[in-house]
Amino acid sequence: MTDLERFRAETRAWLEANCPAECRGPMADDEMIWGGRDATFKTPAHRLWLERMGARGWTAPEWPAEYGGGGLSREEAKVLASELRRIKAQPALASFGVWMLGPALLAFGTEEQKKRFLPEIVRGEIRWCQGYSEPGAGSDLASIQTRAEDRGDHWIVNGQKIWTSYADKADWIFCLVRTDPDAPKHLGISFVLFDMKTPGVTTRPITLISGKSPFCETFFDDVRVEKENLVGTLNRGWDVAKYLLAHERTMIGAMGEVGGGRPVGQVALDAIGADEAGRLDEPMLRARIADLEIDAAAFRLAMERVGDQVKAKQAHPAIASMLKYYGSELNKRRHELLMAAGGADALEWEGERSHDGKTARDWLRTKANSIEGGTSEVQLNIIAKHLLQLPGA
Amino acid sequence: MPLILTEEQTMLQDAADGFLNEQAPIAHLRKLRNDRDADGVSRDLWRAFGEMGFAGVIIPEALGGMGLGAVEAGVIAESLGRTLTPSPYLGSSILSAKVLIEGGSQAQQAWLPKIAAGEAILALAVDEGAKHAPSRIATRAERVGNGFRLSGAKAFVLDGHVADALIVAATADEGTTLFLVDPATAGVEIERTMMVDAHNAARVTLTDVAVDADAVIGAVGGGEALLDGALSLGRACAASSLTGAGDQAFKTTLDYLRTRKQFGKLIGEFQALQHRAAHLFSELELARAATIGAQIAIDEGREGASLAASIAKAKAGRVAELAVQEAVQMHGGVGMTDEYDVGLFMKRVRVLNELLGDAGFHAERVARAQGF
């Protein structure tokens with residue numbers, strides 16, 4: 001037995017013993033476990049599942065064990081992921097800390113910052129939000145205006161952020177602020193961390209076309225931020241921001257992979273039925289779903305391949321833009337087809353039968369995938385410039 | 001296994017690229033075409049290809065080959081896709097060799113060292129109509145005494161006009177059965193078909209062709225399983241050739257975008273073209289991942305390997321189709337000329353797309369496998 005086979009056997013046994021029955025099978029987006037100071041759990045079993053996975057570091061399998069991570073190799077992490085898929089385990093934790101901030105702290109943080117924040121992130125004890133976009137800084141993110149004035153041992157921050165995901169539920173924020181208003185726009189930005197309970201921070205949820213409010217406006221009115229919470233070099237926060245964006249883009253792209261819930265073909269069969277040969281009784285829709293599944297399978301492999309390239313140090317950092325672009329467009333396509341598969345049933349907006357219009361609301365939510373974290377058009381610009389070296393891009 | 005090439009595989013890639021760029025660049029294809037070469041394929045080149053070991057990539061070392069797997073077979077197929085070399089590689093070294101490796105008797109396996117050396121060309125005759133349909137084979141194999149009599153019509157038999165032996169799929173009472181047939185046998189008629197891409201195939205007509213029982217490869221009625229393995233590997237290799245051809249057309253187009261000027265600007269400065277190029281880049285990344293993913297699944301003997309090969313063939317086919325269309329369009333008028341190479345890529349991609357099942361054929365397989 002190779003080491004990897006032994007690891008698979010041990011992992012399988014541990015998961016069988018430790019993943020509660022309630023935590024297996026499909027999970028709706030709004031049932032995700034986000035952790036944090038005010039964590040809510042769908043069932044007590046979900047709390048237990050997070051505690052067990054967190055204690056093992058398997059909510060962040062590839063992070064170093066000294067910061068609470070799983071310390072797994074890339075190949076071991078793949079085995080863990082495939083074993084989790086095998087038993088249809090629900091994610092123990094959904095976390096911007098794991099997906100976005102953690103990788104940036106590992107690359108740019110001080111030893112104190114890593115020791116202080118990373119283990120809490122792994123255990124799901126702290127919930128983070130991202131203070132990037134502003135009303136005047138969307139695709140042109142580097143033009144942010146939120147000011148941080150130097151007051152010796154701390155800064156005073158004033159300004160406004162927008163599209164801050166779950167800002168009203170987050171414990172802390174990682175935030176881009178302008179620390180040098182006179183420098184060129186990319187060279188006067190710093191990356192700072194602060195508690196959302198700090199006086200002067202207020203949030204206001206924004207209602208989206210889905211009727212839900214995953215995003216907020218976030219206001220800073222003379223907010224005190226300690227200097228020890230600067231990540232990376234003063235005025236070079238754009239480097240941290242870009243590094244983190246690559247992870248965010250990979251995460252959003254991964255939505256094209258996960259796709260959550262039941263396969264589109266099965267949803268369509270339930271709603272429409274099959275012909276005598278057992279084929280979905282709507283040939284045009286069937287062909288479109290088959291094409292989607294081919295692209296989805298190829299995309300899953302592309303995600304895996306990029307991961308392998310990163311590990312082998314063969315990846316261009318801008319490749320995350322490809323995953324973000326393709327994955328988010330793929331996810332939108334999937335939800336268009338889910339709407340077509342559901343037909344009139346998918347149009348219901350309220351009531352128990354439709355789980356308060358879940359199909360329609362999820363469909364509308366996906367329209368943000370190709371906007372948040374940098375629009376599809378911005379990703380294509382990045383690919384043209386950095387990966388294809390096209391002139392003037 | 002990581003979805004990237006190992007050091008050894010990268011060396012093989014460099015060797016194949018180096019050999020083909022030197023011995024068989026696109027000029028080689030043009031010469032065979034323009035001279036109306038009697039074979040449409042170079043036996044000398046094929047032997048040199050054999051000397052390099054490429055023709056025996058999947059053939060066991062004991063039989064004169066390299067004894068390597070699907071990933072390595074794909075590496076060479078991708079190089080052939082880049083140079084558009086007309087070559088018996090897919091028909092002989094992959095499809096026919098795979099059938100003989102898995103099912104051939106000792107006597108039949110005597111062909112394998114010759115295939116590996118580039119001395120013999122074998123051709124697999126499966127298709128019959130306009131579309132690939134290996135589960136509906138009309139060619140009949142009737143039992144006569146100790147042997148069989150084959151009757152039917154085969155089409156799209158790659159390199160069938162120069163084949164030293166044919167592997168014919170026919171339906172016997174027990175089911176699909178594969179036969180090793182000498183093309184000189186009475187009743188075998190072969191018509192060379194020059195294709196749009198200047199590669200050659202053949203129509204093979206079988207009229208009461210008498211073969212001995214030892215012409216059967218594997219078991220009578222066992223042809224479906226043998227074919228499935230060979231077709232999966234063939235599709236995965238065709239996906240590599242499609243990715244190689246698509247990527248090469250894309251690279252040529254990028255060069256053009258960086259040098260061609262209109263309105264006083266390099267046309268690559270126009271965002272309309274940049275975004276299309278960036279989209280195509282993304283699609284090519286997916287094609288590459290699906291292709292190597294399928295090859296690794298085959299090498300690891302995974303249950304879903306056949307389906308993975310279908311996904312790779314469908315994806316690489318669609319992507320290469322987009323790549324060559326964008327190549328011609330972005331080149332503008334010169335893209336339509338015979339002198340420019342991009343048109344040759346468009347032609348080869350069309351042939352490879354049809355070969356061993358087009359994207360629609362494979363999408364159908366995916367839908368069935370997923371139960372809808």
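1. Two residues count as in contact here if their C-beta atoms, placed from the backbone, lie within 7 Å. Keep that cut-off in mind for the interfaces below. The model is a predicted one.

2. Start with the two chains. Chain A brings 36 residues to the contact, and chain B brings 31 residues. The top contributor is α8(A), with 16 residues. By class, the side of chain A that touches chain B holds 25 nonpolar, five polar and six charged residues.

3. Next, the layout of chain B. Its domain assignment gives domain 1 (7-120), domain 2 (124-219) and domain 3 (224-370). The C-alpha centres of domain 2 and domain 3 of chain B are 30 Å apart.

4. Those two domains also touch. Domain 2 of chain B puts 13 residues in contact with 11 residues of domain 3 of chain B. On the domain 2 side, strand β5 (residues 175-181) of chain B supplies the largest share, three residues. That side of domain 2 has seven nonpolar, five polar and one charged residues.

5. Finally, the annotation. An unreviewed UniProt entry places "domain: Acyl-CoA oxidase/dehydrogenase middle" at residues 136-209 of chain B. What is the helix and strand content of residues 136-209 of chain B? The span is 0% helix and 66% strand. Its end C-alpha atoms lie 20 Å apart.

Definitions and conventions:
Residues numbered from 1 in each chain as written. Chains lettered and ligands numbered in written order. Predicted model: local features only at pLDDT ≥ 70, side-chain atom pairs only at ≥ 80, totals over all residues. Domains from an automatic or database assignment. Helix = DSSP H or I, 4+ residues; strand = E, 2+ residues; numbered from the N terminus. Nonpolar A, V, L, I, M, F, W, Y, C, P; charged D, E, K, R; others polar. UniProt positions renumbered as here; feature names shortened; annotations may be inferred.
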